[in-house]
Amino acid sequence: MSRRKSPRVELRRPESKDVHAFLAMVGASRVLHRPWVYAPDSEEKFQRLVDHGAGGRTESFVVCRKTDGAIVGVINLSEIIRGALQSAFVGYYGAAGFEKQGYMTEGLDLVIRYAFRTLRLHRLEANIQPENIRSIKLAKRCGFRKEGFSPKYLRIAGRWRDHERWAMTAGEMRS
Ligand SMILES: CC(C)(COP(=O)(O)OP(=O)(O)OC[C@H]1O[C@@H](n2cnc3c(N)ncnc32)[C@H](O)[C@@H]1OP(=O)(O)O)[C@@H](O)C(=O)NCCC(=O)NCCS
């Protein structure tokens with residue numbers, strides 16, 4: 001598909017110098033993110049993303065628009081497990097003002113490629129609350145399929161929430 005051949009976005013690691021732009025983006029995106037996501041909203045939490053998001057169990061990326069470098073979203077691979085599983089969870093959120101333009105679809109496509117081709121993972125899973133229609137549409141668009149429903153699966157904002165589990169394996173990645 002054409003969106004994969006020349007994406008309008010690129011991935012890079014969050015860096016300490018991004019702190020002000022990042023926190024401004026999170027502040028401006030509160031309405032977009034709630035009640036689904038609670039992104040790092042202090043310098044300390046952002047620094048944790050920088051420190052722990054570059055290898056090991058977590059890989060974090062900011063999705064940046066190529067034309068001006070604007071941060072249009074964030075995508076994390078977390079709980080990267082090797083051995084017989086070779087799997088990770090995917091989490092993401094967009095930036096207000098840049099939504100509904102296909103940037104996150106392109107960013108997630110790039111992360112999927114990185115996970116399967118560079119990290120050589122076998123399986124990715126995205127956990128999504130059943131009412132989060134925009135996230136379900138994004139996951140579907142990028143090739144995830146619904147595997148199941150897990151009641152009270154993840155604790156978000158102090159409450160255990162039901163989630164659908166969307167997944168894909170390396171062989172299902174679209175070329
Ligand atoms: C989930 C989330 C990242 C999805 O963002 P999004 O803006 O819908 O995703 P994209 O940037 O890929 O945009 C896709 C939309 O842009 C539209 N679009 C417009 N112009 C486009 C273009 N030139 N190319 C591609 N798509 C385009 C697509 O049709 C699509 O709309 P649709 O879903 O109504 O069909 C966003 O809603 C969000 O941040 N939500 C809060 C956090 C969250 O829920 N995270 C997930 C927790 S599980």
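β4 and β5 make a hairpin with 5 residues between them, and G83 in that turn has a positive phi of about 65°. This is a predicted model, so to speak: local features need pLDDT of at least 70, side-chain atom pairs count only at pLDDT 80 or more, and totals for chains, interfaces and linings use all residues. Numbering starts from 1 along each chain as its sequence is written, and side-chain values use heavy atoms, with hydrogens and water left out.

Strand β4 covers residues 71–81 and runs antiparallel to β5, joined by 7 bridges (strands pair if DSSP finds at least two bridges between them; strands are DSSP E runs of at least two residues, helices H or I runs of at least four, numbered from the N terminus). I81 has S87 in β5 as its bridge partner. β5 itself, residues 87–94, is mostly covered, with 6 of its 8 residues buried (under 20% relative accessible area, 1.4 Å probe, protein chains only).

On to β6, residues 123–128: β5 pairs with this strand in the parallel sense over 3 bridges, and F89 stands opposite E125. The chain gets from β5 to β6 through helix α5 (residues 103–118), a right-handed β-α-β crossover (clockwise from the first strand over the helix to the second, with the strands pointing away from the viewer).

| Residue | Distance to a ligand oxygen |
|---|---|
| Q101 | 3.3 Å |
| G102 | 3.0 Å |
| M104 | 3.0 Å |

Key
Buried < 20%, exposed > 50% of the residue type's maximum accessible area, 1.4 Å probe, protein only. Polar contact = N/O pair within 3.5 Å; in protein donor to acceptor, adjacent residues only side chain to side chain.
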